[in-house]
Amino acid sequence: MTEIRLVFTTLPDSEIAGKLARNLVEMRYAACVNILSPCRSIYRWQDDVHEDGEVPLIIKTTAELYPALETYLRQQHPYTLPEIVALDVVQGLPEYLTWVAASTGQPLTPP
């Protein structure tokens, strides 16, 4: 069975998150992207503590597509250092995992 990955990232607002999510699915880098409710992030950046609103995304993809997905995220992401964290799915409903694999595939040329 194809290895499935969940990829997490955060965006500065819902509009940017929606555009990125739609592009990932349309280009077949992802089978599905969940846009979560806005949250507050507290983090250290360049030796200062910041607090900002962000919109988290959960991206469902395959291990095979992850390198291309990461490259696309780095190119399109508005942050200098975007959060991109990938987790291997070790178990799940087989039919769902098969759907993720079937819904991704040969990526289309980025818009």
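## Aromatic residues

Tyr 96 counts as partly exposed, with a relative accessibility of 33%, where partly exposed lies between buried, under 20% relative accessible area, and exposed, over 50% (1.4 Å probe, protein chains only). Trp 99, at 37%, is partly exposed. The model is predicted, so that local features need pLDDT of at least 70 and side-chain atom pairs count only at pLDDT 80 or more, while totals for chains, interfaces and linings use all residues. Residues are numbered from 1 along each chain as its sequence is written, and side-chain values use heavy atoms, leaving out hydrogens and water.

Two aromatic pairs are counted, taking rings of Phe, Tyr and Trp (its six-membered ring) with centres within 6.5 Å, with planes under 30 degrees apart called stacked, over 60 edge-to-face and the rest tilted. The ring centres of Tyr 96 and Trp 99 lie 5.5 Å apart with planes at 40°, so this pair is tilted. Both residues belong to helix α3 (residues 94-103), three residues apart, about one turn of the helix; helices (H or I, at least four residues) and strands (E, at least two) are DSSP runs, numbered from the N terminus.
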